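My notes follow in the order in which I looked.

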Amino acid sequence: MANPPIDRDGIAAVEKIIRPHIRRTPVIAVDGGDFGLGRGDVTFKLELLQHAGSFKARGAFTNLLTREVPRAGVVAASGGNHGVAIAFAAMKLGIPAKIFVPSVASKEKTDRIRASGAQLVIAGDLYADALAASEEWRAQSGAMAVHAYDQAETLLGQGTVGMEFAEQAPNLDTLLVAVGGGGLIGGVASWYGGRIKIVGVEPEAAPTLFNALRAGGPVDSEAGGIAADSLAPKRVGELMFPIAQKYVSRVVLVSDEAIQEAQVQLWKLLRVAAEPGGAATIAALLSRRYQPAAGERVGVLVCGGNTAAVDFTKTNPA
């Protein structure tokens, strides 16, 4: 079957299908001065409050509701969040699921996959290893594969984040989006279609889209760093790359230290506990890797919250 077109019409059609199954996540305007960013508001979209703890639930439900799922169920490879989302969506829809993750997947994410009733397999050290193992299982079992980012339905589902944000904050000039394999930024950029500036944010230790844009096509890149369980595939997707070439203004790189500091500041100032991948966009602002112009209206996607950054078992209830 040919891939459905990844455009505004496709995203709007998918949004109607998945709407009963996903949350409309909130936005909050934050005084930039509170984050040391000078005057003006920065608008955060708290997509970490989505079902399964990240934007990935949108793509998961899109795949399971718009494709024909065989009796063998679904199989997915994931650094963590995609697996959590597929496991959650499969549980809600009564579909068997088998999830392959690398050893770098966090305990928080693997625990959530198991809690949803999916079968979990640890395969190799990196996402690419888990993907290869999942493809072997798909060939053996006949299960339907759901790719974390290089699949049209996945991109369309993630694009509903952009559709929703545009309705909630219609006057943005710029939107910062974290990049792993590119499903989120590809879908969001497809919705905005050049109407605002889209800036990708990646860890220095996993510059997949940064390297691809410089090379003129997806290339193998490093896959390490603190956000390796969410922002470190071997390369960006083939489907998203032409979208990025057309609609992504630039990509900035942030250090692990900046990401950790962003997590701390998000908790201190907003009581928001974001995972490293979810805090990367904030890190770009705090570290001045992206510096807004005077009066520039900036939006920030906080895309994931599957973390144990705050340990409430050690708090004093008194």
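Where is the place of R288? I found R288 in the loop between α11 and β10 (298-302), with helices (H or I, at least four residues) and strands (E, at least two) taken as DSSP runs numbered from the N terminus. Before going on I noted that this is a predicted model, in which local features need pLDDT of at least 70, side-chain atom pairs count only at pLDDT 80 or more, and totals for chains, interfaces and linings use all residues. Residues are numbered from 1 along each chain as its sequence is written, and side-chain values use heavy atoms, with hydrogens and water left out.

**Entry 1: positive phi.** I looked up R288 because it has a positive phi of about 65° although it is not a glycine, and at 39% relative accessibility R288 counts as partly exposed. I used the cut-offs of under 20% relative accessible area for buried, over 50% for exposed and in between for partly exposed (1.4 Å probe, protein chains only). R271, also not a glycine, has a positive phi near 55°; its place is in the loop between α10 (256-270) and α11 (276-286), and R271 counts as exposed at 54% relative accessibility. As background, I wrote down that most residues other than glycine have a negative phi.

**Entry 2: two buried loop residues.** A143 is found in the loop between α5 (127-141) and β6 (144-145) and is buried, with a relative accessible area of 6%. Taking contact as heavy atoms within 4.5 Å, and not counting residues up to four places away in sequence, I listed P70, A72, G73, V74, V75, W137 and R138 as the residues that A143 touches. A143 and A72 are 71 residues apart in sequence, yet 4.8 Å apart in space from C-alpha to C-alpha. T25, in the loop between α1 (8-18) and β1 (27-31), counts as buried at 1% relative accessibility. Leaving aside neighbours within four places in sequence, the contacts of T25 include K45, E47, R58 and E164.

**Entry 3: helix α1.** Which residues of α1 are buried? They are G10, I11, V14, E15 and I18, and they lie on the same side of α1 because they cover an arc of only 135° around the axis, the arc being that of the directions from the helix axis to the C-beta atoms. D9 and K16 are exposed on the other side of α1, while the buried residues pack against α2 (56-66), α6 (152-168) and α7 (183-192).

**Entry 4: nonpolar cores.** I took a nonpolar core as a set of buried Ala, Val, Leu, Ile, Met, Phe, Trp, Tyr and Cys residues joined through side-chain atoms within 4.5 Å. In the largest one, of 59 residues, L64, I99, L175, V188, Y192, I198 and L209 touch the most other members. Helix α3 (residues 81-93) gives the most to this core, with seven residues. Apart from it lies another core of 27 residues, among them F35, I259, V272 and A279. Back at V188, I noted contacts beyond four places in sequence that include L175, V177, I198 and L301.
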